[in-house]
Amino acid sequence: MNIITKKIDMGNGSIVTIETGKLAKQADGSAVVRMNDTMLLATVCAKKEAGENVDFMPLTVDYQEKYAAMGRFPGGFFKREAKPSEHEILIARLVDRALRPLFPDNFHAEVQVQITLISGDKNTMPDQLAALAAASALAVSDIPFNGPVSEVRVSYLNGEYVINTPLPEVEKADLDLIVAATEENIMMVEGEMKEVSEEVMLNALKAAHDAIKLQCRAIAELTIEAGKTEKREYCHEINDEELRQKINDTCYQKCYDFAKQGIANKHMREEGFEAIKKEFIEANYTEETLTDDIQFMIDRYYHDTEKEAMRDMVLNERTRLDGRQLDEIRPIWIETDYLPSAHGSAIFTRGETQSLSTCTLGTKLDEQVIDGAVIEGTRRFLLHYNFPAFATGEVKGNRGLSRREVGHGHLAWRAIKEVLPTEEECPYTIRLVSDILESNGSSSMATVCAGCLALMDAGVKIRKPVAGIAMGLISKGDKWAVLSDILGDEDHLGDMDFKVTGTTDGITACQMDIKVDGLSYDVLAKALEQARQGRLHILGKYEEVITAPREDYKPFVPRIVQFTIPKEFIGAVIGKGGEVIQKIQRETGSTITIEEDGDLGRIDVASPDKESIDAAIKWIKDIATVPEVGQVYDAKVVSIVEFGAFLEFLPGKEGLMHISEYDWARTETLEGKVNVGDMIQVKIIAIDEKSGKLKLSRRAMLPKPEGYVEEAPRPRGPRHEGGDRGPRGPRREGGDRGPRHDGERRSNRDDHRRQ
């Protein structure tokens, strides 16, 4: 067994180790990457030949976190790992976007990369090592790949750039990016920021690239030591160079001239370019001579010609496919409060891209529970992105959530979460849903804009509005053009897709994919500045429609009141088996959630009805009240005894009103004067220091008769609770003796209540 190990000193006291030759040796390539106690196993396998007439890279990247890696059981009924979570899908996408551009253009064999977390710790995030593990597995295989490539996390923390930041520090950072790069070029960037400047972001990219270079060199050495410098031979394309040249000679100028017309309508452009191809086919082939293989090659060669013509047109004419200038934003129209029953809604349309977004406000019970192998907890802000087929005029079955939808939704979530109010300022769980109704590029950025507007329409007091814009790049030789607010065609045909979101004061999130070698930092700086100007333009469009969040929520939005009680009363509010809290909710029509917060219990009471909220709050506060002498209550008669009555003056709290405290006049019996269930206003006149039993008085609430003289004490008999004596009877719970009365309760609960 030939085991090869490489160690990389990342310079901040952390060592990254790559090992190959020990595990999964029947895969085309495998490697284990370790940092601290976090270990990832990556494997890669490729088919020997491509499928028939395949002209794309069929790459699949899967990432899975084993619960055993963290010493935990999976949740759910089956207690085993199930389909990938959104967290796992997002990490797989990071790796996919780093690897995909580096396979040879004409290599079309199916490739599968699988990355598994086999050991983990609470401080070392596996996402920052996943691409390194995958690239290492490719490096020790014979699969053609133009690597090495790797990824790192970079954070801007306390004025310094930190590589592979420990998890506890990530939340404190002003910038958190995952950056992928080869030794020469940055390939992919994704992350979030706390309104940082463009300069801070550029410097973060440089710091990340310096660290990635160390990893790329280690991977290159690993390839040599494993003896995998020679990759497999392959031939996945059948080409006809004469046909390629003929299509280029015939169609290039026609495509160039058509692109120069600047047609804004996507379908009209598509039909125009398709007509040029159809004209070529009709001029050179009949139904009999046009075979499937020839049609496949014509489609491929014409696509290349169309792409080259459009790119050259932009670089030479400095105008766009839809007639815009390079930095011009498509026309924008906005409407808020479009849906009458939604808590908040907005339509954001930019050119031929449209998002209808809704905001829903819920209680703490609506929070999302995160139960991953590494990450656990709850999330009070959710954002979901939906992309139906009709948005592009296509016919496709609904096959569930796609990885693209997960990725775009997460980017928009990152963009907006930085400006949300705190839980104390806004105790709601917030859900945004973006339904893309039209799409011609930048639908994720339309989601950011529509989502922000929906929040404002709902009355959520965001700190600042956020907008997003997608930037593109076309380059050839020493010519290049940065494009603002790119179309779908410009994304597909261009060299960069750079999405940037932010406020007037800085960047909150970004996502970048670069498809060209040698992109300089000057070009990135130009793209960031152009994005800032575009962002300010879009924010100005907001002002024309809505200048600030609503002053108040809409009438049908559930109101939530948040308050605290001493922690020791939480049990009393909940009751045995939830009996008390369920009763409060049932009788008041409210929704109540309770959680511990240090020495306090934090309580949220929600209901569309203010009276329901007030009733529930009073009930809970009464339970949590500590009685004091002199306090006055409206009390309910719960039982009547010979020497007085027991009254419930607060939920779960009872006291004795002795018969002598009923009235200033002598009272021989309470029969006929009060009944069980009656309400009587009483005052607490004494609290026994030892037992905590409470003495209540009705007469203390009545005016004292003029000339009143206190009567002499009654003859002493056996002592009753309350101080009187009478005929001795069986001892009662609580120390009293006498015959049991029908209205009298005898239980531990009563004894507790009397306290």
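Strands here, like helices, are DSSP runs numbered from the N terminus (E, at least two residues, for strands; H or I, at least four, for helices). The model is a predicted one, in which local features need pLDDT of at least 70 and side-chain atom pairs count only at pLDDT 80 or more, while totals for chains, interfaces and linings use all residues. Residues are numbered from 1 along each chain as its sequence is written, and side-chain values use heavy atoms, with hydrogens and water left out.

Strand S21 covers residues 507-514. Its pairing with strand S10 (residues 186-196) is antiparallel and runs over 6 bridges; two strands count as paired if DSSP finds at least two bridges between them. S21 also pairs with strand S20 (residues 496-502), again in the antiparallel sense, over 7 bridges. There, Asp497 has Asp513 of S21 as its bridge partner. S20 and S21 form a hairpin, with 4 residues between them. As for burial, 8 of the 8 residues in S21 are buried, where buried means under 20% relative accessible area, exposed over 50%, and partly exposed in between (1.4 Å probe, protein chains only).

Now move to Ile178, which sits in strand S9 (residues 175-181). Ile178 counts as buried because its relative accessible area is 4%. Leaving aside residues up to four places away in sequence, Ile178 touches Leu94, Asp127, Gln128, Glu151, Val152, Arg153, Met188, Val189 and Glu190; contact means heavy atoms within 4.5 Å. Take Gln128 from that list: Ile178 and Gln128 are 50 residues apart in sequence, yet 6.8 Å apart in space, C-alpha to C-alpha.
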